[in-house]
Amino acid sequence: MNFLPTDIFEKLEFDKILSLLEKKCLGEPAKQTISSIRPRNQIFIIERLLKEVKEYTLSFEEDKHIPMANYVDISEELKMLEIEGSILPIEQIISIKNQLWIIHAIFKYFSHENQRIYPTIYDLIRPLTFDEQLIFAIEKIIDEDGSIKRTASPELMQIHKAKSSKFRELNKQFAQTIQSFKNKGWLTDNIESFRNGRRVLSVPSEHKRKIRGIIHDESATGKTAFIEPDNIIDINNDLFDLENEEKREVRRILRELCAKLRPYVKGMKKYQEILIRLDVIQAKARLAVDLQADLPKIKDQPQFDFKTSYHPLLFLINRSEGKKTIPFDLTLHGNNRILMLSGPNAGGKSVAMKAVGLLQMMLQAGMLVPSDPESEYGIFHHFFADIGDQQSLEDDLSTYSSRLKNMKSFLQHADHHSLVLIDEFGSGTDPKIGGAIAESILNQLHKKKIFGFITTHYSILKVFAFKTKGIVNGAMRFDKDTLSPTYELQVGKPGSSYGFEIANKIGLDKKVIQYAKKKIGKNERAVDQLLIDLQKEKQELEEKLSLAQSQQKHLDHLVKNYEKMAGDLEVSRKKLKLEVKEFAMQKSAQDNKALEKLVREIKEEKSLEKAKKLAAESRAKRKETSQEVHQLKESIYYKESQKQTREIVEGDFVKLKTGGSTGKVVRIDKKKVVIQMGVLNMTVHLRDLVLVGEPLEIQKNKGIRSNLIEQKSNFHSKIDLRGMRREEALQILEKYIDQALVSGISNLEIIHGKGDGILRKAVKDKLKEYQINFEISHPKPEHGGDGVTLVAIE
């Protein structure tokens, strides 16, 4: 991916978004990860990152917080632990234990239904397992205070018992010695102290020669000597030895513990990676909550379709100050790819442009965005931005030269997957020359089929946008009465700078304003208004064309339905006639039996000629009915066979055209086909078979039921659209209404819920497309109120 110029992230303030994320991290490693986040262009990666954040926000909403906590980076500890024979200090082992406890809580969190509720996040830990023995092994040795437990080993327990015994003996001896010397007046008021790790007596200097023992220290004034009495020297020596034994035993215990942990270093590295990943996700989720952000739809192609969107940083600032932020919509229809935005200064042009670039970067970096979830974001592979003062003292470039240098880079690297953002296009030099160069650059960028958001004050660029397919004018709305910006983005017409109006409002001398108006001439002043009028007419024509195309599409749909219904009706009519004829054949057979009976009776009466005549008439009538049945079968079944897209080959699944079970073609011998039906094989004529499809069944001796009657009996007059997206709901609703019209249903109940009214409006819009007098109403509040639409078909 290309990001030009190199400071594009600062220009679009993406770095400020990353700073907000870093403040929400629980550990330093996640902050380092966030600082290197950049937009991605693989849609499957982007969708996975967004789903992770969306699921994490759901855990907040459902009060099922994932058990994250503060942690430290243990990379160095794990690196040291990998070295055979190495021993970690207790503090580092405690850091490892604390991180293991967090991971243990996370695995426990996903041990039940949360796997189903948050599947994307669960996928992060799915390949791993957690061994609780790691924590138990550490806690067996180290207590909550970070000290080695006395029970860490039998040897350590013995050492502690011996030390306790020696301490009791020392206390006893020391107490006796103190009492003896105190009675003699050989001790100071402080009596005792510790020097060099030994328990000593505080003795005035004049008495130090009277006490046998080792002098360990003297006070700064030299008036006090610290003496270890000779009767406790051996006890102190024993304690000193025991403490050294304790240190050696603790070192041995820690060495064994590190040896137990060493095989799990690779797994603990994975645990830390997951912890960092979850920390980044939770930071994104917390920022999404602050921004009231959501997950929009995503298309794997460049496009603009922002609905009710906000500049993230402006939204946070305004909310902290109790101000309202004006949202914007940006949708480029058809083949339009570049928006040429104009309007007065301080009207919000640059903010809107930066918002588009920043929101797009955030989404492609895996962050939820403050946009309506019905928005459709595209994916861009390259980002280019020319914003603000580009003057460079180091490169000896003026602002305009620097901007031209940017344009050169854009033209070299941009393609149809690029997003190009340019602020105040053409400014920085003579307006005529700057405008001409800007138009030429824009023309080249347009030929490269880039997607762009460009702001300008130049009429020449507004005119070029009007005349060029793929580029559309836009404006930031301006209140002419108050001469103040509304910060509302409007696509479809150019904006005006309102320079004279603003100059008049602030009280600039009218002579100055009048002189300026004469200087530019009437034609120049009329350009903006002419563009606005032309753009309005163009937009009206485009809307009418779009409406005509929509109506044509609806008409084609109705014609298609009509043709299908007419075909179904014709088939039903022929089937009815066929069943009548077959019924006639059956009745003829019954009559034939009666005739044979009559013949026998006539024979008995010797009237053979009369019998022969009756038999001939019966046979002729049966032959005529049989021929009619054959013709009907040809019309219904064999005529339909002409619609087959290919010939039947071995291995195909087929049915008899007269109905029946499905069979598999085993062998084809000229016009004869052997098909397998279950355990049976049967040979039929090739023309009697059809590739598997919906069979036409003939119902004999059971009356006649048309498809329309079956549809009506199976049709439900109530449909529930709640929980569906708008597009999905409209598709289902269209099929539902079509079926109702075909089936002759007169009353429908459409449940769409209340919510924000999007589905209710969509239902009414869809009903208007049918050009039928529907009677639309809502039931009483206790029966659903505005959440249900009742439709009566007149």
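Student: Which residues form one aromatic cluster?
Tutor: This is a predicted model, where local features need pLDDT of at least 70, side-chain atom pairs count only at pLDDT 80 or more, and totals for chains, interfaces and linings use all residues. Residues are numbered from 1 along each chain as its sequence is written, and side-chain values use heavy atoms, without hydrogens and water. Rings of Phe, Tyr and Trp (its six-membered ring) pair if their centres lie within 6.5 Å; planes under 30 degrees apart are stacked, over 60 edge-to-face, the rest tilted. The cluster is Phe-3, Phe-9, Phe-14, Phe-304, Phe-306, Phe-328, Tyr-377, Phe-380, Phe-383 and Phe-451.

Student: How many aromatic pairs does the structure hold, and what is the angle between the planes of Phe-306 and Phe-328?
Tutor: The structure holds 20 aromatic pairs. Phe-306 and Phe-328 form a tilted one, 6.2 Å centre to centre, with planes at 35°.

Student: Is Phe-306 buried or exposed?
Tutor: Buried means under 20% relative accessible area, exposed over 50%, partly exposed in between (1.4 Å probe, protein chains only). Phe-306 has a relative accessible area of 1%, so Phe-306 is buried.

Student: Which charged residue sits over the ring of Phe-9?
Tutor: The test needs NZ of Lys or CZ of Arg within 6 Å of the ring centre and within 35 degrees of the ring normal. At 4.3 Å from the centre of the Phe-9 ring sits the charged end of Arg-38.
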